[in-house]
Amino acid sequence: MTLLEALEKFVSECNQNERLRAMNRDWTRRIQLEPDDTHRTHHLVSEAGIVSAGSGPVDNPDMLIQAPEAILTAVFSGQMTPTEPYNAGDLLVKGHQDDIMRLDILSLLIWGE
Amino acid sequence: MFSESPIMAVYNDVHRMGRLVKTVVSVSLGSRQRDHEATLTLLGETVAVRRQGTDGNLEAAVNLIQALDGQVDAIGLGGIDRYLVVRNRRYEIQDAARLAQAAVKTPVVDGSGIKDTFERALIESLHEDGVIAPGQTVLMVSSMDRFGMAETFERLGYQLVAGDLIFASHIHYPIRTADELEELARKLLPSWVRLPFHQLYPVGDAQVSDADPRFHEYFDAADIIAGDFHYIRRYMPETLAGKVVITNTTTPEDVALFAAKGVRLLVTTTPVLAGRSFGTNVIEAALVAVSGVQSGDPDWGAVVARAGLQGTRRQLNANPRGGAS
(Lines give C-alpha, C1' and ligand atoms only; values in the text may rest on other atoms or scores of the structure.)
Protein backbone atom coordinates (compact mmCIF):
# COMPACT_ATOMS: atom_id res chain seq x y z
CA MET A 1 0.00 0.00 0.00
CA THR A 2 1.34 3.45 -0.87
CA LEU A 3 1.02 6.43 1.43
CA LEU A 4 -1.55 8.00 -0.89
CA GLU A 5 -3.63 4.82 -0.83
CA ALA A 6 -3.45 4.76 2.96
CA LEU A 7 -4.56 8.40 3.13
CA GLU A 8 -7.44 7.77 0.73
CA LYS A 9 -8.54 4.84 2.86
CA PHE A 10 -8.34 7.05 5.97
CA VAL A 11 -10.34 9.80 4.25
CA SER A 12 -12.99 7.35 3.10
CA GLU A 13 -13.38 5.95 6.63
CA CYS A 14 -13.68 9.47 8.07
CA ASN A 15 -16.23 10.68 5.56
CA GLN A 16 -18.42 7.58 5.78
CA ASN A 17 -18.57 7.73 9.57
CA GLU A 18 -21.43 9.87 10.83
CA ARG A 19 -19.87 10.31 14.25
CA LEU A 20 -16.55 11.48 12.81
CA ARG A 21 -18.31 13.89 10.48
CA ALA A 22 -20.12 15.33 13.49
CA MET A 23 -16.87 15.65 15.42
CA ASN A 24 -15.15 17.41 12.53
CA ARG A 25 -17.97 19.72 11.50
CA ASP A 26 -16.19 22.77 12.95
CA TRP A 27 -12.63 21.58 12.21
CA THR A 28 -10.98 23.20 9.20
CA ARG A 29 -7.30 22.33 8.94
CA ARG A 30 -4.53 21.71 6.41
CA ILE A 31 -2.18 18.91 7.37
CA GLN A 32 1.07 18.24 5.54
CA LEU A 33 2.79 14.85 5.72
CA GLU A 34 6.52 14.92 5.12
CA PRO A 35 8.22 11.52 4.82
CA ASP A 36 11.72 12.19 6.11
CA ASP A 37 13.21 9.42 3.97
CA THR A 38 11.48 9.62 0.57
CA HIS A 39 10.53 13.32 0.83
CA ARG A 40 7.34 12.62 -1.18
CA THR A 41 5.04 15.14 0.49
CA HIS A 42 1.30 14.45 0.85
CA HIS A 43 -1.53 16.29 2.53
CA LEU A 44 -4.89 16.00 4.23
CA VAL A 45 -7.45 18.80 4.28
CA SER A 46 -10.43 18.88 6.65
CA GLU A 47 -13.25 21.29 5.93
CA ALA A 48 -16.66 21.35 7.61
CA GLY A 49 -16.61 17.68 8.47
CA ILE A 50 -15.29 16.39 5.16
CA VAL A 51 -11.69 15.25 4.78
CA SER A 52 -9.73 14.99 1.52
CA ALA A 53 -6.23 13.75 0.67
CA GLY A 54 -3.71 14.31 -2.09
CA SER A 55 -0.09 14.25 -3.18
CA GLY A 56 2.14 17.26 -2.86
CA PRO A 57 2.32 20.09 -0.33
CA VAL A 58 -0.52 22.30 0.86
CA ASP A 59 -0.48 26.07 1.34
CA ASN A 60 -0.02 27.33 4.88
CA PRO A 61 -0.31 24.00 6.72
CA ASP A 62 -1.71 24.03 10.26
CA MET A 63 0.10 20.82 11.11
CA LEU A 64 3.25 19.05 9.91
CA ILE A 65 3.73 15.32 10.40
CA GLN A 66 7.21 13.90 9.80
CA ALA A 67 8.19 10.22 9.87
CA PRO A 68 9.58 7.56 7.55
CA GLU A 69 7.05 6.90 4.78
CA ALA A 70 6.48 3.33 5.92
CA ILE A 71 5.45 4.55 9.38
CA LEU A 72 3.12 7.19 7.96
CA THR A 73 1.57 4.54 5.73
CA ALA A 74 1.19 2.15 8.66
CA VAL A 75 -0.39 4.81 10.88
CA PHE A 76 -2.91 6.03 8.30
CA SER A 77 -3.84 2.52 7.20
CA GLY A 78 -4.51 1.43 10.77
CA GLN A 79 -1.65 -1.03 11.06
CA MET A 80 0.01 1.00 13.80
CA THR A 81 -1.37 3.42 16.39
CA PRO A 82 0.19 6.89 16.33
CA THR A 83 1.16 6.53 19.99
CA GLU A 84 3.72 3.82 19.30
CA PRO A 85 6.03 5.75 16.90
CA TYR A 86 5.25 9.02 18.71
CA ASN A 87 6.51 7.67 22.04
CA ALA A 88 9.52 6.12 20.28
CA GLY A 89 10.44 9.45 18.68
CA ASP A 90 9.88 8.14 15.14
CA LEU A 91 6.86 10.36 14.51
CA LEU A 92 7.26 14.11 14.85
CA VAL A 93 4.16 16.26 14.86
CA LYS A 94 4.28 20.04 14.76
CA GLY A 95 1.04 21.82 15.43
CA HIS A 96 -1.48 22.67 18.10
CA GLN A 97 -1.85 20.01 20.78
CA ASP A 98 -5.63 19.92 20.24
CA ASP A 99 -5.16 19.09 16.56
CA ILE A 100 -2.65 16.37 17.37
CA MET A 101 -5.07 14.81 19.84
CA ARG A 102 -7.92 15.02 17.34
CA LEU A 103 -5.96 13.23 14.65
CA ASP A 104 -5.09 10.55 17.20
CA ILE A 105 -8.76 10.23 18.14
CA LEU A 106 -9.85 9.93 14.51
CA SER A 107 -7.40 7.14 13.79
CA LEU A 108 -8.28 5.30 17.01
CA LEU A 109 -12.02 5.56 16.38
CA ILE A 110 -11.55 4.18 12.88
CA TRP A 111 -9.11 1.43 13.76
CA GLY A 112 -9.02 1.25 17.56
CA GLU A 113 -9.56 -1.95 19.60
CA MET B 1 13.97 18.97 46.56
CA PHE B 2 11.45 17.55 48.97
CA SER B 3 12.62 17.69 52.52
CA GLU B 4 11.07 14.98 54.62
CA SER B 5 10.20 17.43 57.33
CA PRO B 6 6.62 18.37 56.36
CA ILE B 7 5.43 14.80 56.08
CA MET B 8 7.40 13.45 58.96
CA ALA B 9 6.29 16.41 61.06
CA VAL B 10 2.71 15.16 60.79
CA TYR B 11 3.84 11.62 61.49
CA ASN B 12 5.89 12.64 64.50
CA ASP B 13 3.31 15.08 65.84
CA VAL B 14 0.61 12.46 66.08
CA HIS B 15 2.97 10.06 67.80
CA ARG B 16 4.02 12.75 70.25
CA MET B 17 0.36 13.17 71.11
CA GLY B 18 0.57 9.72 72.60
CA ARG B 19 -1.91 8.16 70.21
CA LEU B 20 -0.99 5.53 67.70
CA VAL B 21 -2.72 6.77 64.58
CA LYS B 22 -2.51 5.75 61.00
CA THR B 23 -0.75 8.09 58.63
CA VAL B 24 -1.66 8.64 55.00
CA VAL B 25 -0.06 10.93 52.44
CA SER B 26 -1.63 11.88 49.15
CA VAL B 27 1.10 12.54 46.60
CA SER B 28 -0.46 14.74 43.97
CA LEU B 29 0.60 15.86 40.52
CA GLY B 30 -1.50 18.94 41.24
CA SER B 31 -0.45 22.36 42.40
CA ARG B 32 1.30 22.79 45.75
CA GLN B 33 -1.05 25.69 46.35
CA ARG B 34 -3.71 23.15 47.36
CA ASP B 35 -1.61 21.31 49.97
CA HIS B 36 -3.31 20.66 53.30
CA GLU B 37 -3.45 18.28 56.21
CA ALA B 38 -6.09 17.06 58.62
CA THR B 39 -7.21 14.11 60.67
CA LEU B 40 -10.25 11.96 60.03
CA THR B 41 -11.88 9.02 61.75
CA LEU B 42 -12.76 5.90 59.80
CA LEU B 43 -13.94 2.59 61.22
CA GLY B 44 -13.22 3.96 64.70
CA GLU B 45 -9.59 4.81 63.98
CA THR B 46 -7.96 8.19 63.63
CA VAL B 47 -6.01 8.82 60.46
CA ALA B 48 -3.64 11.73 59.89
CA VAL B 49 -3.80 12.72 56.24
CA ARG B 50 -1.70 15.11 54.24
CA ARG B 51 -1.76 16.18 50.63
CA GLN B 52 1.53 17.08 49.00
CA GLY B 53 1.46 18.53 45.50
CA THR B 54 4.37 18.24 43.09
CA ASP B 55 3.29 20.86 40.52
CA GLY B 56 3.01 18.28 37.76
CA ASN B 57 6.56 17.01 38.22
CA LEU B 58 6.37 13.24 37.76
CA GLU B 59 9.97 12.63 38.82
CA ALA B 60 9.45 14.61 42.02
CA ALA B 61 6.36 12.51 42.73
CA VAL B 62 8.34 9.29 42.22
CA ASN B 63 11.05 10.54 44.59
CA LEU B 64 8.50 11.52 47.20
CA ILE B 65 6.75 8.15 47.05
CA GLN B 66 10.09 6.38 47.41
CA ALA B 67 10.84 8.52 50.47
CA LEU B 68 7.46 7.73 52.02
CA ASP B 69 7.59 4.00 51.28
CA GLY B 70 7.57 2.11 54.55
CA GLN B 71 7.17 5.32 56.55
CA VAL B 72 3.40 5.74 56.27
CA ASP B 73 0.44 3.35 56.28
CA ALA B 74 -0.89 4.13 52.79
CA ILE B 75 -0.15 6.48 49.93
CA GLY B 76 -2.78 8.05 47.68
CA LEU B 77 -2.13 9.14 44.12
CA GLY B 78 -3.68 12.56 43.56
CA GLY B 79 -4.21 14.44 40.33
CA ILE B 80 -3.87 11.20 38.40
CA ASP B 81 -5.82 7.97 38.17
CA ARG B 82 -4.00 4.68 38.00
CA TYR B 83 -7.03 2.76 36.82
CA LEU B 84 -9.93 3.84 34.64
CA VAL B 85 -12.68 1.31 35.26
CA VAL B 86 -15.22 1.23 32.44
CA ARG B 87 -17.78 -1.53 32.82
CA ASN B 88 -15.89 -4.80 33.02
CA ARG B 89 -12.59 -3.41 31.75
CA ARG B 90 -9.82 -1.74 33.69
CA TYR B 91 -7.28 0.45 31.90
CA GLU B 92 -4.00 1.26 33.64
CA ILE B 93 -2.36 4.64 33.03
CA GLN B 94 1.35 3.95 32.62
CA ASP B 95 2.60 7.09 34.32
CA ALA B 96 0.46 6.23 37.35
CA ALA B 97 1.70 2.65 37.36
CA ARG B 98 5.22 4.01 37.48
CA LEU B 99 4.32 6.14 40.49
CA ALA B 100 2.68 3.22 42.27
CA GLN B 101 5.65 0.97 41.63
CA ALA B 102 7.92 3.49 43.34
CA ALA B 103 6.65 2.05 46.63
CA VAL B 104 7.39 -1.57 47.47
CA LYS B 105 6.24 -1.72 51.10
CA THR B 106 3.37 0.74 51.45
CA PRO B 107 0.12 0.26 49.52
CA VAL B 108 -0.52 2.93 46.88
CA VAL B 109 -4.11 3.64 45.82
CA ASP B 110 -5.72 6.06 43.37
CA GLY B 111 -9.33 6.44 44.50
CA SER B 112 -10.85 4.32 41.75
CA GLY B 113 -11.99 1.85 44.42
CA ILE B 114 -14.09 4.62 45.97
CA LYS B 115 -15.38 6.01 42.70
CA ASP B 116 -16.68 2.69 41.49
CA THR B 117 -18.47 1.83 44.72
CA PHE B 118 -19.35 4.78 46.92
CA GLU B 119 -20.06 7.28 44.15
CA ARG B 120 -22.72 5.02 42.65
CA ALA B 121 -24.42 4.85 46.04
CA LEU B 122 -24.16 8.61 46.50
CA ILE B 123 -26.05 9.31 43.27
CA GLU B 124 -28.70 6.79 44.27
CA SER B 125 -29.15 8.53 47.63
CA LEU B 126 -29.49 11.98 46.01
CA HIS B 127 -32.09 10.49 43.68
CA GLU B 128 -34.01 8.70 46.43
CA ASP B 129 -34.03 11.83 48.60
CA GLY B 130 -35.48 13.90 45.74
CA VAL B 131 -32.48 16.23 45.67
CA ILE B 132 -32.22 15.51 41.95
CA ALA B 133 -34.96 14.25 39.66
CA PRO B 134 -35.16 11.92 36.65
CA GLY B 135 -35.30 13.73 33.35
CA GLN B 136 -32.84 16.36 34.46
CA THR B 137 -29.79 16.88 32.27
CA VAL B 138 -26.45 15.94 33.80
CA LEU B 139 -23.22 17.32 32.38
CA MET B 140 -20.40 15.04 33.47
CA VAL B 141 -17.27 16.96 32.55
CA SER B 142 -15.32 13.71 32.56
CA SER B 143 -16.83 10.25 32.73
CA MET B 144 -14.20 7.71 31.82
CA ASP B 145 -12.73 8.25 35.30
CA ARG B 146 -16.18 8.04 36.91
CA PHE B 147 -18.00 5.54 34.77
CA GLY B 148 -19.95 4.21 37.76
CA MET B 149 -21.46 7.63 38.35
CA ALA B 150 -22.33 8.08 34.67
CA GLU B 151 -23.90 4.65 34.46
CA THR B 152 -25.94 5.29 37.60
CA PHE B 153 -27.30 8.59 36.30
CA GLU B 154 -28.37 6.93 33.06
CA ARG B 155 -29.93 3.92 34.79
CA LEU B 156 -32.01 6.22 37.00
CA GLY B 157 -33.42 8.14 34.03
CA TYR B 158 -31.26 11.25 33.78
CA GLN B 159 -30.20 12.77 30.45
CA LEU B 160 -26.48 12.12 30.35
CA VAL B 161 -24.05 14.42 28.57
CA ALA B 162 -20.51 13.11 28.98
CA GLY B 163 -17.97 15.79 28.14
CA ASP B 164 -14.81 13.72 27.90
CA LEU B 165 -14.05 14.70 24.31
CA ILE B 166 -15.22 18.27 24.85
CA PHE B 167 -13.11 19.16 27.85
CA ALA B 168 -10.11 16.84 27.44
CA SER B 169 -9.73 17.22 23.66
CA HIS B 170 -11.79 20.31 22.79
CA ILE B 171 -13.96 18.41 20.33
CA HIS B 172 -17.59 19.53 20.23
CA TYR B 173 -19.01 16.06 20.61
CA PRO B 174 -21.20 15.28 23.61
CA ILE B 175 -21.41 11.57 24.46
CA ARG B 176 -25.01 10.81 25.40
CA THR B 177 -25.10 7.19 26.53
CA ALA B 178 -23.04 4.94 28.77
CA ASP B 179 -22.87 2.43 25.92
CA GLU B 180 -21.21 4.97 23.62
CA LEU B 181 -18.91 6.03 26.43
CA GLU B 182 -17.88 2.41 26.90
CA GLU B 183 -17.31 1.98 23.15
CA LEU B 184 -15.16 5.11 22.97
CA ALA B 185 -13.19 4.01 26.03
CA ARG B 186 -12.57 0.62 24.44
CA LYS B 187 -11.17 2.29 21.33
CA LEU B 188 -9.28 5.21 22.85
CA LEU B 189 -8.01 4.18 26.25
CA PRO B 190 -5.66 1.31 25.33
CA SER B 191 -3.59 3.86 23.40
CA TRP B 192 -4.17 6.90 25.59
CA VAL B 193 -3.03 5.24 28.81
CA ARG B 194 0.45 5.01 27.26
CA LEU B 195 0.69 8.76 26.62
CA PRO B 196 2.46 11.12 29.03
CA PHE B 197 -0.26 11.97 31.54
CA HIS B 198 0.07 15.73 31.10
CA GLN B 199 -1.28 15.28 27.56
CA LEU B 200 -4.48 13.81 28.95
CA TYR B 201 -5.23 15.93 31.98
CA PRO B 202 -4.15 19.32 33.37
CA VAL B 203 -1.42 18.96 35.99
CA GLY B 204 0.50 21.49 38.07
CA ASP B 205 -0.05 25.10 37.04
CA ALA B 206 -2.46 24.04 34.29
CA GLN B 207 -4.91 23.26 37.11
CA VAL B 208 -5.03 26.88 38.16
CA SER B 209 -5.11 28.39 34.68
CA ASP B 210 -7.58 31.08 33.67
CA ALA B 211 -11.24 30.34 33.09
CA ASP B 212 -12.11 29.20 29.57
CA PRO B 213 -15.87 29.42 29.07
CA ARG B 214 -15.91 28.53 25.34
CA PHE B 215 -18.05 25.44 25.99
CA HIS B 216 -20.58 27.32 28.12
CA GLU B 217 -23.61 25.97 26.24
CA TYR B 218 -23.14 22.53 27.79
CA PHE B 219 -23.17 24.06 31.26
CA ASP B 220 -26.11 26.31 30.41
CA ALA B 221 -28.20 23.33 29.26
CA ALA B 222 -27.47 21.21 32.34
CA ASP B 223 -29.40 21.00 35.61
CA ILE B 224 -26.62 19.03 37.27
CA ILE B 225 -22.87 19.40 36.71
CA ALA B 226 -20.77 16.51 37.93
CA GLY B 227 -17.22 15.23 37.87
CA ASP B 228 -13.70 16.47 38.13
CA PHE B 229 -13.39 19.78 39.95
CA HIS B 230 -10.54 21.15 37.86
CA TYR B 231 -12.46 20.73 34.62
CA ILE B 232 -15.53 22.36 36.16
CA ARG B 233 -13.54 25.31 37.50
CA ARG B 234 -11.69 25.88 34.26
CA TYR B 235 -14.61 25.65 31.84
CA MET B 236 -17.59 26.92 33.84
CA PRO B 237 -19.33 30.02 32.50
CA GLU B 238 -20.06 33.31 34.23
CA THR B 239 -23.20 32.00 35.89
CA LEU B 240 -24.29 28.62 37.23
CA ALA B 241 -27.52 29.96 38.68
CA GLY B 242 -29.74 27.25 40.09
CA LYS B 243 -27.40 24.37 39.23
CA VAL B 244 -26.48 21.39 41.35
CA VAL B 245 -22.74 20.66 41.33
CA ILE B 246 -21.43 17.24 42.35
CA THR B 247 -17.64 17.11 42.76
CA ASN B 248 -14.90 16.90 45.36
CA THR B 249 -11.50 18.31 46.37
CA THR B 250 -13.06 21.71 46.95
CA THR B 251 -11.51 24.30 49.25
CA PRO B 252 -13.38 27.10 51.08
CA GLU B 253 -12.32 29.44 48.24
CA ASP B 254 -13.80 27.05 45.68
CA VAL B 255 -17.06 26.91 47.61
CA ALA B 256 -17.19 30.71 47.69
CA LEU B 257 -16.60 30.77 43.93
CA PHE B 258 -19.50 28.37 43.33
CA ALA B 259 -21.72 30.44 45.59
CA ALA B 260 -20.84 33.60 43.69
CA LYS B 261 -21.68 31.86 40.43
CA GLY B 262 -25.17 31.11 41.75
CA VAL B 263 -24.80 27.36 42.33
CA ARG B 264 -27.85 26.21 44.28
CA LEU B 265 -26.49 23.04 45.86
CA LEU B 266 -22.92 21.77 46.15
CA VAL B 267 -22.58 18.05 46.75
CA THR B 268 -19.16 16.70 47.59
CA THR B 269 -18.62 13.01 47.12
CA THR B 270 -16.16 12.82 49.98
CA PRO B 271 -16.38 14.19 53.54
CA VAL B 272 -15.51 17.81 54.23
CA LEU B 273 -12.90 18.29 56.92
CA ALA B 274 -11.42 21.63 57.89
CA GLY B 275 -13.41 23.18 55.05
CA ARG B 276 -12.08 20.88 52.33
CA SER B 277 -13.46 17.84 50.65
CA PHE B 278 -10.74 15.31 50.16
CA GLY B 279 -9.85 13.49 47.00
CA THR B 280 -11.14 9.96 46.61
CA ASN B 281 -7.53 8.75 46.73
CA VAL B 282 -7.19 10.13 50.27
CA ILE B 283 -10.34 8.39 51.44
CA GLU B 284 -9.34 5.13 49.79
CA ALA B 285 -5.83 5.33 51.28
CA ALA B 286 -7.28 5.99 54.73
CA LEU B 287 -9.64 3.03 54.41
CA VAL B 288 -6.80 0.77 53.29
CA ALA B 289 -4.69 2.02 56.20
CA VAL B 290 -7.30 1.19 58.85
CA SER B 291 -8.74 -1.99 57.32
CA GLY B 292 -5.82 -3.59 55.53
CA VAL B 293 -8.26 -4.38 52.73
CA GLN B 294 -7.65 -3.09 49.20
CA SER B 295 -10.10 -2.41 46.39
CA GLY B 296 -9.25 -5.60 44.52
CA ASP B 297 -10.15 -7.73 47.56
CA PRO B 298 -13.55 -9.42 47.75
CA ASP B 299 -14.28 -7.67 51.07
CA TRP B 300 -13.71 -4.17 49.68
CA GLY B 301 -17.38 -3.39 49.06
CA ALA B 302 -18.24 -4.42 52.62
CA VAL B 303 -15.44 -2.27 54.03
CA VAL B 304 -16.66 0.78 52.09
CA ALA B 305 -20.22 0.15 53.29
CA ARG B 306 -19.10 -0.37 56.89
CA ALA B 307 -17.11 2.88 56.82
CA GLY B 308 -20.38 4.77 56.43
CA LEU B 309 -18.83 7.36 54.14
CA GLN B 310 -20.85 10.51 53.84
CA GLY B 311 -20.61 13.10 51.16
CA THR B 312 -21.89 16.55 51.98
CA ARG B 313 -24.73 18.69 50.66
CA ARG B 314 -24.39 22.44 50.98
CA GLN B 315 -27.13 24.80 49.91
CA LEU B 316 -25.28 27.81 48.52
CA ASN B 317 -28.18 29.77 47.04
CA ALA B 318 -31.95 29.64 47.05
CA ASN B 319 -33.71 27.67 44.34
CA PRO B 320 -34.53 30.30 41.67
CA ARG B 321 -37.69 28.35 40.79
CA GLY B 322 -38.78 28.24 44.40
CA GLY B 323 -39.92 25.03 46.07
CA ALA B 324 -37.86 22.38 47.72
CA SER B 325 -34.13 22.52 47.36
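In which kind of crossing, left-handed or right-handed, does H5(A) pass H8(B)? The crossing is right-handed. Before going further, please keep in mind that this is a predicted model.

- Two packed helices are described by the angle between their axes and the distance between the axes.
- Here, helix H5 of chain A (residues 97-111) packs against helix H8 of chain B (residues 178-192) at about 125°, and their axes lie 9 Å apart.
- H5(A) and H8(B) are therefore oblique to each other.
- From H5(A), the contact is made by A:Met101, A:Asp104, A:Ile105, A:Leu108 and A:Leu109.
- H8(B) contributes B:Leu184, B:Lys187, B:Leu188, B:Ser191 and B:Trp192.

**Largest nonpolar core**
- In soluble globular proteins, nonpolar side chains tend to be buried together.
- The largest nonpolar core in this model counts 139 residues, and A:Phe76, B:Phe153 and B:Ile246 have the most contacts inside it.
- In chain B, domain 1 (6-113 + 274-307) and domain 2 (115-273 + 311-315) each supply at least three residues to this core.
- Leaving aside residues up to four places away in sequence, A:Phe76 touches A:Ala6, A:Leu7, A:Phe10, A:Leu33, A:Leu44, A:Ile65, A:Leu103 and A:Trp111.

**Helix H6 of chain B**
- Helix H6 of chain B (residues 147-155) has seven of its nine residues buried, so the rest of the structure largely encloses it.
- The buried residues are B:Phe147, B:Gly148, B:Met149, B:Ala150, B:Glu151, B:Thr152 and B:Phe153.
- Just after H6(B), B:Gly157 adopts a positive phi of about 100°.

Note on methods:
Residues numbered from 1 in each chain as written. Chains lettered and ligands numbered in written order. Predicted model: local features only at pLDDT ≥ 70, side-chain atom pairs only at ≥ 80, totals over all residues. Heavy atoms only, no water. Core = buried A, V, L, I, M, F, W, Y, C linked by side-chain atoms within 4.5 Å. Buried < 20%, exposed > 50% of the residue type's maximum accessible area, 1.4 Å probe, protein only. Domains from an automatic or database assignment. Contact = heavy atoms within 4.5 Å. Axes fitted to C-alpha atoms, helices over the stretch in contact; angles between N-to-C directions. Helix = DSSP H or I, 4+ residues; strand = E, 2+ residues; numbered from the N terminus. Parallel < 35°, antiparallel > 145°, perpendicular 65-115°, else oblique. Left-handed = near helix turned anticlockwise from the far one by under 90°.
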